[in-house]
Amino acid sequence: MLKVLSLQIADGIDIKEFKTVFKAELLHGDSDELFYRVKSQSQKLVYIFKYGIVCFLGYNEVEIMAFIQAITPYCKNPFDQHISDEFDIEVNAARNKFGYNKIEIEKETTDSLRLIMLNVSQSVALDHFSHQTNLLLEETTYHTQTLEKKGRLELSGGNLKKYIGRTLNLKNRIEANLYIFDSPEETWEDENLNRLDIGLKRTFDLQARFRTIREGLEIVKENLDLFKDLLQYRNSIVLEWIIIILILVEVINLFIEKLMK
């Protein structure tokens with residue numbers, strides 16, 4: 001029985017810099033991810049993703065903590081609390097069988113293990129993005145409820161800009177990491193790997209969860225557009241009153257000047 005543990009440890013990891021200092025057998029690497037075999041005599045694998053996730057196979061708890069400590073200097077906005085997911089792998093099964101937190105596979109290969117680690121990490125990434133989206137939705141709901149109860153938006157222009165910034169940053173990060181939900185090239189050429197990939201995506205419900213996040217962000221965006229229009233209307237009303245007051249002050253000054261003459 002093999003155990004996979006995937007952790008979201010930061011907003012991002014500088015894998016280019018980490019690659020220069022980490023000494024292990026690099027099985028796959030590009031600008032987005034690094035996949036290593038740490039010991040050739042044992043099944044110990046680590047998968048590092050630029051979007052802040054590290055996935056382990058064959059590591060014990062002490063080794064995991066030591067690795068996280070080593071990679072932290074290369075992390076952007078490290079997390080105090082890690083989002084994680086565990087998955088068990090049983091090898092030499094009669095056929096591939098997918099469970100809630102376990103998979104049985106016919107044959108253990110480096111490509112099949114990498115594919116499982118990839119899908120577990122994608123699931124963790126979706127958990128992180130889903131949590132961030134839900135926070136934005138909660139904030140949106142608060143402002144819409146305030147608007148319903150009081151008939152006005154208790155949100156300043158500066159805070160609205162920060163709110164828009166958080167939403168756009170999250171959306172951009174998701175868009176930038178869309179590649180993580182694509183299947184590796186190996187699955188296009190190997191029918192067994194393709195079936196394994198499809199089964200894993202169904203097990204983790206990746207596509208449906210991703211759509212839910214996109215829909216949530218669209219709801220937030222629609223509300224932001226409304227808030228922006230309301231704020232612009234409020235500012236235009238204030239500007240109109242300022243102009244009226246200035247005109248009134250000018251009229252009063254002219255009236256006073258005539259009286260003094």
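**Exercise 1.** In this predicted model, determine which residues Val4 touches, not counting residues up to four places away in sequence.

*Solution.* Contact requires heavy atoms within 4.5 Å. Applying this to Val4 gives Cys55, Phe56 and Leu57, then Asp85, Glu86, Phe87 and Ile89, and finally Ile116, Met117 and Val120.

**Exercise 2.** Identify the members of the largest nonpolar core that touch the most other members, and state which element gives the most to this core.

*Solution.* The largest nonpolar core has 41 residues, and Val4, Ile89 and Ile116 touch the most other members. Next, consider the elements that each supply at least two residues: these are strands E1 (2-13), E4 (44-49), E5 (53-57) and E6 (75-90), together with helices H3 (110-150), H4 (157-176), H6 (191-204) and H7 (206-260). Among the contributors, H3 gives the most, with eleven residues.

**Exercise 3.** Describe the secondary structure of the chain and explain how its radius of gyration relates to the globule rule.

*Solution.* The chain comes to seven helices and eight strands. Its radius of gyration is 27 Å, whereas the globule rule gives 18 Å for 261 residues; the chain is therefore more spread out than a compact globule. The box filled by the C-alpha atoms, taken along the principal axes, is roughly 105 × 35 × 30 Å.

**Exercise 4.** State what percentage of the residues count as buried, and what area the chain exposes.

*Solution.* Of the 261 residues, 37% count as buried. The chain exposes about 15,600 Å², of which carbon and sulfur atoms supply 53%.

Key:
Residues numbered from 1 in each chain as written. Predicted model: local features only at pLDDT ≥ 70, side-chain atom pairs only at ≥ 80, totals over all residues. Heavy atoms only, no water. Core = buried A, V, L, I, M, F, W, Y, C linked by side-chain atoms within 4.5 Å. Buried < 20%, exposed > 50% of the residue type's maximum accessible area, 1.4 Å probe, protein only. Helix = DSSP H or I, 4+ residues; strand = E, 2+ residues; numbered from the N terminus. Rg over C-alpha atoms; globule rule 2.2 N^0.38 Å. Areas by Shrake-Rupley, 256 points an atom, 1.4 Å probe, with all protein chains shown as cover.
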